[in-house]
Amino acid sequence: VKKIWFISYAREDFDVAMRLYNELKNAGLNAWLDKYEMLPGQNWGYEIQDALEHSRYIIPLFSSASILPLCVQ
């Protein structure tokens, strides 16, 4: 069973997520980032859910971009 490292991020934080993804990959870990792991036309919701269900680790990236929308509601 592969140990998948799922990276969750706000679109505004893509650069940070991409750097983390590359660092994990360079360390030989099986990182998952939507921009690299999904193909055009795939069912976004299904692919995210499937990746989450098969992930051993979830890395949420918190920033003002990801938290501010929750505070505004």
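The following questions and answers look at side-chain contacts in a predicted model.

Visitor: How are the rings of Y21 and Y36 arranged as a pair?
Guide: A search of the whole structure finds 4 aromatic pairs. In the pair formed by Y21 and Y36, the ring centres are 4.7 Å apart and the planes stand at 20 degrees. Because planes under 30 degrees apart count as stacked, the arrangement of Y21 and Y36 is stacked.

Visitor: How many residues apart in sequence are the parts that Y21 and Y36 tie together?
Guide: Y21, which is buried with a relative accessible area of 8%, belongs to helix α1 (residues 14–26). Y36, which is partly exposed at 38%, belongs to helix α2 (residues 34–37). The pair therefore ties together parts whose separation in sequence is 15 residues.

Visitor: Which side chain makes a polar contact with the side chain of D13?
Guide: D13 is found in the loop between β1 (4–8) and α1. Although D13 is buried, it has no salt bridge, and the nearest side chain of opposite charge, R19, is 8.5 Å away. A salt bridge requires the nitrogen and the carboxyl oxygen to be within 4 Å. The polar contact of the D13 side chain, at 2.4 Å, is with the side chain of S63.

Key. Residues numbered from 1 in each chain as written. Predicted model: local features only at pLDDT ≥ 70, side-chain atom pairs only at ≥ 80, totals over all residues. Heavy atoms only, no water. Phe/Tyr/Trp six-rings, centres within 6.5 Å; stacked < 30°, edge-to-face > 60°. Helix = DSSP H or I, 4+ residues; strand = E, 2+ residues; numbered from the N terminus. Buried < 20%, exposed > 50% of the residue type's maximum accessible area, 1.4 Å probe, protein only. Lys, Arg positive; Asp, Glu negative; His and termini not counted. Polar contact = N/O pair within 3.5 Å; in protein donor to acceptor, adjacent residues only side chain to side chain.
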